[in-house]
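Me: Could you take a close look at one part for me, the place where the two chains meet, and walk me through how it is put together?

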Number of protein chains: 2
Amino acid sequence: MKLEILPVLGIGHVSEGDDLAALIATAAPWLRDGDVLVVTSKIVSKAEGRLVDIPADGPERQAARDEVLTAETARVVARRGATRIVQTHHGFVMAAAGIDASNVDKTRLVLLPKDPDASARALRAALRERYDRNVAVIVSDTMGRPWRNGLTDVALGVAGMDAIRDHRGETDPYGNELTLTEMAVVDELAGAGELIKGKIDQVPVAVIRGYLGATRDDDGAGAAVLVRDAAQDLFSLGTAEARAAGLAAGAVLADGPGAEPADPGAVRRAIDAVAQAVAPGTVFTLVDEDAYPGLAATVTGWPSRATRLILGSPPTPVSAQDLVRFGADLHRLRIALAVEGVPSLALSPPAASTASAALAV
Amino acid sequence: MKLEILPVLGIGHVSEGDDLAALIATAAPWLRDGDVLVVTSKIVSKAEGRLVDIPADGPERQAARDEVLTAETARVVARRGATRIVQTHHGFVMAAAGIDASNVDKTRLVLLPKDPDASARALRAALRERYDRNVAVIVSDTMGRPWRNGLTDVALGVAGMDAIRDHRGETDPYGNELTLTEMAVVDELAGAGELIKGKIDQVPVAVIRGYLGATRDDDGAGAAVLVRDAAQDLFSLGTAEARAAGLAAGAVLADGPGAEPADPGAVRRAIDAVAQAVAPGTVFTLVDEDAYPGLAATVTGWPSRATRLILGSPPTPVSAQDLVRFGADLHRLRIALAVEGVPSLALSPPAASTASAALAV
């Protein structure tokens with residue numbers, strides 16, 4: 001039992017319209033059923049004509065490049081300086097949408113294949129139909145990742161095997177059910193292929209032989225299953241971008257107390273959080289119906305669902321300027337409450353109170 | 001030219017104090033100079049006694065587990081429900097700090113090796129000194145990653161080869177200098193090893209044979225070079241955590257105009273951003289010294305560096321409650337300005353103006 005990683009030598013330059021299946025079958029007549037073919041996405045893109053003409057240099061080059069990047073971008077995930085990390089229309093999160101200016105004329109850019117799973121399926125079908133080889137095909141590219149320096153090759157597309165090896169429901173020899181169950185084996189295979197392909201050695205295809213259960217008769221669900229939905233992702237936005245979005249949310253904070261009365265501990269933490277930022281002498285007090293009988297009836301606009309109020313008073317004596325400052329401080333408190341997950345609504349204070357303003361929470 | 005990935009069979013259970021070098025050399029007498037050994041971190045941890053006793057079940061088990069996690073955590077990166085993604089004291093960002101309850105008795109947890117690079121060096125030295133084999137050693141573990149479903153194996157420690165293959169300064173056949181230059185080859189090797197090791201097959205060690213330039217005579221800089229400093233990372237915090245931090249920043253927004261007068265376009269965007277959130281009829285106007293001669297002299301507390309003001313007026317007629325609301329709206333605007341990178345300072349308005357408040361920006 002062993003795996004072998006073999007380079008496919010002699011493929012040379014690939015141009016638009018080239019027949020990849022013929023190039024590979026000719027260069028690797030030794031290809032066998034059950035082999036996994038790892039194909040660098042760049043030659044797939046070139047064969048498919050996914051190239052854009054751009055000026056060789058000058059500001060026009062940068063402008064043209066920016067335009068191409070915008071077209072390839074579904075969503076900007078993070079920026080720093082000239083670096084833009086985006087989610088592509090395929091769903092991949094990559095620097096510069098995977099657009100590449102290496103291993104191509106200076107006047108062209110290489111885009112990712114339009115549909116790498118479809119590319120993998122087409123290549124697999126051609127090898128099977130015209131060369132009688134039943135292989136799995138992975139279309140690979142190089143990606144960076146958060147938290148770890150260095151890049152690795154991963155799969156953009158796959159046909160003829162499952163992208164993920166699923167251990168769900170299996171138990172280890174100690175009787176524990178396995179929890180880390182889903183291995184992205186096609187990414188590991190793509191990385192393994194890179195080890196022999198290198199970057200400038202003109203070896204755009206590697207073959208992995210001996211991987212058990214590599215091929216399935218149908219094409220399978222492709223590498224699309226590796227794309228995590230942004231809504232499910234704990235890192236769907238860059239830290240700076242998410243921080244800015246959070247700050248911006250405070251500027252347009254909406255009114256409204258929640259369906260449940262606020263947790264007094266959360267309110268206390270919010271009041272503490274703004275204590276140093278508000279005008280000295282400002283007082284915020286949490287009261288509720290029990291402590292302040294008849295409260296609800298006395299408050300204009302009292303929302304029936306809320307049963308707690310924060311009464312606020314600016315330092316005395318109170319000038320018009322103090323009231324403006326107090327309003328700002330009240331908004332600080334509303335934001336601190338929102339951080340604690342407590343929605344709030346600004347109200348006129350109860351008629352019987354000496355407070356200058358109240359928040360329903 | 002090819003790579004081979006070979007399983008090391010027959011290692012069996014590993015216990016505290018076991019001699020890993022002896023176990024591996026006995027199980028793989030065919031080991032050769034230049035081979036890369038990929039060793040699952042779990043057997044390294046077990047041999048090194050990185051185990052913690054915990055109750056087999058009940059709430060005590062969860063409490064003990066939480067305590068262990070806290071001890072292994074340098075910094076919480078993201079949470080969702082029971083999931084905690086943390087940065088360990090090594091600098092790795094991993095779910096649950098890499099603590100594992102699989103492939104071990106139900107009453108024990110396995111922690112990561114204390115210093116995986118040191119573990120790799122020690123194993124390498126033992127194989128060289130006692131068994132006369134000059135190999136590179138990778139200590140591997142399974143990690144998740146943002147944006148892509150499925151897990152892959154990566155390197156926690158390495159000795160005897162470089163973690164990164166650096167193509168800096170090389171040019172491709174078209175004369176373009178390579179930009180994607182640093183490949184994390186030890187991560188690709190760790191993933192390649194996983195392909196043959198599997199999860200429950202009791203194959204904790206794989207050998208990769210034929211990787212060119214694998215071994216160096218000294219140990220090299222280890223896998224520590226793969227750890228990206230959080231300050232350099234665009235994804236150092238979870239999106240929800242960063243958003244909450246940004247929101248919280250608005251509650252304690254500090255005073256102070258910047259060293260440069262604000263960009264009028266940025267101020268305009270900020271005013272537009274809050275237009276729907278402020279009281280109807282509220283007016284914010286950006287003025288500067290040129291448009292308002294003698295302004296600086298008339299403003300109490302005018303900061304000498306700022307040359308622009310935003311004058312704000314609530315809708316008229318103005319009651320005490322309106323002034324409070326206006327203050328809140330002024331703080332909304334200050335936050336929107338901060339989003340645009342424009343610091344601000346709340347001031348009394350110029351005596352000659354009809355504004356109720358002013359921001360220096």
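Reply: Happy to! Contact here means heavy atoms within 4.5 Å. By that rule, 114 residues from chain B and 114 residues from chain A take part. Bear in mind that this is a predicted model, where local features need pLDDT of at least 70 and side-chain atom pairs count only at pLDDT 80 or more, while totals for chains, interfaces and linings use all residues. Residues are numbered from 1 along each chain as its sequence is written, chains are lettered from A and ligands numbered from 1 in the order written, and side-chain values use heavy atoms, leaving out hydrogens and water.

Now the area. Buried area (the accessible area, with a 1.4 Å probe, that two parts lose on being put together, summed over both) comes to about 9,900 Å² between chain B and chain A, with carbon and sulfur atoms giving 61%. On the chain B side, B:Trp147, B:Arg148 and B:Tyr174 lose the most area to chain A, together 9% of what that side buries.

There are also charged pairs. Taking a salt bridge as a side-chain nitrogen of Lys or Arg within 4 Å of a carboxyl oxygen of Asp or Glu, the interface holds 8 of them. One of these links A:Asp187 and B:Arg145, whose closest N and O atoms are 2.6 Å apart. Helix 9 (residues 320–339) of chain B gives the most to the side of chain B that touches chain A, with 15 residues; helices (H or I, at least four residues) and strands (E, at least two) are DSSP runs, numbered from the N terminus.

The strands tell the next part of the story. Two strands pair if DSSP finds at least two bridges between them. Strand 1 (residues 3–7) of chain A and strand 1 (residues 3–8) of chain B pair antiparallel over 3 bridges, with A:Ile5 having B:Leu3 as its bridge partner. That pairing sits within an open sheet of 10 strands with mixed pairing, in the order 9(A)-8(A)-2(A)-12(A)-1(A)-1(B)-12(B)-2(B)-8(B)-9(B). Its edges are strand 9 (152–159) of chain A and strand 9 (152–159) of chain B, each pairing on one side only.

Finally, helix 5 (residues 185–197) of chain A packs on this sheet, touching several strands of chain A as well as strand 1 and strand 9 of chain B. The direction of helix 5 makes about 120° with that of strand 9 of chain A, where axes are lines fitted to C-alpha atoms, for helices over the stretch in contact, and angles run from 0 to 180 degrees between N-to-C directions.
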